[in-house]
Amino acid sequence: MPAPLGYSQKFLDPVETWPRAELKALQWQRLQAVMPLAYASSPLIRSVWQRAGIAPQDIRSLDDYFARAPLIDKDMIRDFRSEHGDPFGGVMCEPLRGALIVG
């Protein structure tokens, strides 16, 4: 597929012009890798998913994810932060290393 008018192909990541099926396959591959990590590591995401009665292994496709996976919003993050004293609102999935948190 040619680059959009006014753009040089050398500045576009090849994924930007992939056919839809290939792009969806890549998105599904990446989603499969991140769902279990987010569910295991993020207390907010895990609690929202548990309240919805769903777990990462219940998701069978990208379309299934969009249809069934519960989403979070800023208010949920703020509420979690207030309720649990978590400055990261329950969405941090990796431990802090060498950071100073001033609260």
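## The nonpolar core

A nonpolar core is a set of buried Ala, Val, Leu, Ile, Met, Phe, Trp, Tyr and Cys residues joined through side-chain atoms within 4.5 Å. In this predicted model, the largest such core has 16 residues. Those with the most contacts inside it are Trp 28, Leu 31, Met 35, Trp 49, Ile 59 and Tyr 65. At least two residues of this core come from each of helix 1 (20-41), helix 2 (43-51) and helix 3 (62-68). Helix 1 gives the largest share, five residues.

Met 35 is in contact with Trp 28, Trp 49, Pro 56, Ile 59 and Tyr 65, leaving aside its neighbours within four places in sequence.

## Helix 1 against helix 2

Two packed helices are described by the angle between their axes and the distance between the axes. For helix 1 and helix 2 the angle is about 100 degrees, and the axes are 5 Å apart. Angles of 65 to 115 degrees count as roughly perpendicular, so helix 1 and helix 2 are roughly perpendicular to each other.

On the helix 1 side, the residues that meet helix 2 are Met 35, Ala 38, Tyr 39, Ala 40 and Ser 41. Their counterparts in helix 2 are Pro 43, Ile 45, Arg 46, Trp 49 and Gln 50. By class, this contact of helix 1 with helix 2 has seven nonpolar, two polar and one charged residues.

## The buried side of helix 2

In helix 2, the buried residues are Leu 44, Ile 45, Val 48 and Trp 49. They lie on the same side of helix 2 because they cover an arc of only 125 degrees around the axis. These buried residues pack against helix 1, helix 3 and helix 4 (74-84).

After helix 2 comes Gly 53, with a positive phi near 75 degrees.

Definitions and conventions. Residues numbered from 1 in each chain as written. Predicted model: local features only at pLDDT ≥ 70, side-chain atom pairs only at ≥ 80, totals over all residues. Heavy atoms only, no water. Buried < 20%, exposed > 50% of the residue type's maximum accessible area, 1.4 Å probe, protein only. Helix = DSSP H or I, 4+ residues; strand = E, 2+ residues; numbered from the N terminus. Contact = heavy atoms within 4.5 Å. Axes fitted to C-alpha atoms, helices over the stretch in contact; angles between N-to-C directions. Parallel < 35°, antiparallel > 145°, perpendicular 65-115°, else oblique. Nonpolar A, V, L, I, M, F, W, Y, C, P; charged D, E, K, R; others polar. Arc of directions from axis to C-beta.
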